[in-house]
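Welcome! Keep the structure open beside you as you read.

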Amino acid sequence: MTVSLTGKNAIWAALLVGLALLLLPFVAGYFGNSWIRILAFASLYIMLALGLNIVVGYAGLLDLGYVAFYAVGAYMYALLASPHLFDQFEWIRQTFPDGLHSSIWLVVPLSALLAALFGVLLGVPVLGLRGDYLAIVTLGFGEIIRIFLNNLNAPINLTNGPQGIAKIDSIKVLGVDLGETLQVGGLSVPSVQLYYYLFVFLAVVVIMVSVRLQDSRVGRAWMAIREDETAAKAMGINVRNVKLLAFAMGASFGGVSGAMFAAFQGFVSPESFILMESVVIVAMVVLGGMGNVWGVILGAILLYSIPEVLRLVAKPIQEGIFGVELIAPEALRMLLFGLAMVLIMLFRPNGLMGRRHA
């Protein structure tokens, strides 16, 4: 009887959360599309944080180059859904006379697979490293990818260098162009809201995968390696393969997120994938609680949404109180970001929701 009641409660809770997510952008839209954009990007960062949580939280491997997989997914979509390759290579122009316009059904699996491949490429040379050494090598990997993207405009212009790639196609789902306002009866649904729904759907899929992985045989193996790699090896766990799987699985989430970012922005450049992005994503995982799916979601929402909200309201509030802007929103954002990290490390070193042990 208790199990049945719990099951019904879970279903009702899921329905209520789904309804809230469905209606939330309509409420936020009264205050402007900037607020819906914050909600959309919060969903994107949830996917990124959950991907890194597999590597850092489950397997205990400190990865400071995670933004590289984000960049790989973004540039993959940009190259497959923009005129750049069409303009640069004659054989592509002849093969695809109507241009490259990739479907989302191709983009999502391909971005996941390509990023997973890069995850394995990172994982192979660092299998024997731990702690600070692993962090330094992964940091270098992230910077190498960014530098490559910044310089692959000669002798063959593949990435257009620091100028980035523009005119990227918006995503089309079941004939609906997410880059245009959708008219449903007398209701207008703006483009940013359509992307919000897509990002929320993908975030829910990533959450479900993460929860299933947590209690799976592979998830238990990751946690065993996190707690004691030597003991895990003694128990018969293939540490090498399990670590590579962690890098590949985490990277795949980052690749999908990057592809969605490119479609949403319509433009990508190396400046979007700097080291600070990796640091922020790591901070989301640490803030929420490494290894705790719901904690990581909370950390991603807080560390992305609060600074962006401050960007919108800090100046009007300061001018209303003091008559002048005393602290620039960006400076205030970084100040609060650093303060939050210090307080968490002092009072909640395991994160807001702690870490789940194997």
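## Two exposed loop residues

Lys167 is exposed, with a relative accessible area of 68%. Here, exposed means over 50% relative accessible area, buried means under 20%, and partly exposed is in between, using a 1.4 Å probe and protein chains only. You will find Lys167 in the loop between H7 and strand E1 (172–173). Its phi is near 60°, a positive value in a residue other than glycine.

Leu174 sits in the loop between E1 and strand E2 (176–177). The phi of Leu174 is near 55°, again positive in a residue other than glycine, and Leu174 is exposed, with a relative accessible area of 74%. Helices (H or I, at least four residues) and strands (E, at least two) are DSSP runs, numbered from the N terminus.

## About the model

This is a predicted model, in which local features need pLDDT of at least 70 and side-chain atom pairs count only at pLDDT 80 or more, while totals for chains, interfaces and linings use all residues. Residues are numbered from 1 along each chain as its sequence is written, and side-chain values use heavy atoms, leaving out hydrogens and water.

## Aromatic pairs

How many aromatic pairs does a search of the whole structure find? There are 15. Rings of Phe, Tyr and Trp (its six-membered ring) pair if their centres lie within 6.5 Å; planes under 30 degrees apart count as stacked, over 60 as edge-to-face and the rest as tilted. Tyr66 and Phe69 form an edge-to-face pair, 5.8 Å centre to centre with 75° between the planes.

Phe69 also pairs with Phe141: the ring centres are 5.9 Å apart and the planes are at 40°, so this pair is tilted. Phe69 belongs to helix H3 (residues 67–80) and Phe141 to helix H7 (residues 131–151), so the pair ties together parts that are 72 residues apart in sequence. Both Phe69 and Phe141 are buried.

## A buried serine

Is Ser252 buried or exposed? Ser252 is buried, with a relative accessible area of 9%, and lies in helix H11 (residues 239–265). Leaving aside neighbours within four places in sequence, Ser252 is in contact (heavy atoms within 4.5 Å) with Ala112, Ala115 and Ala116.
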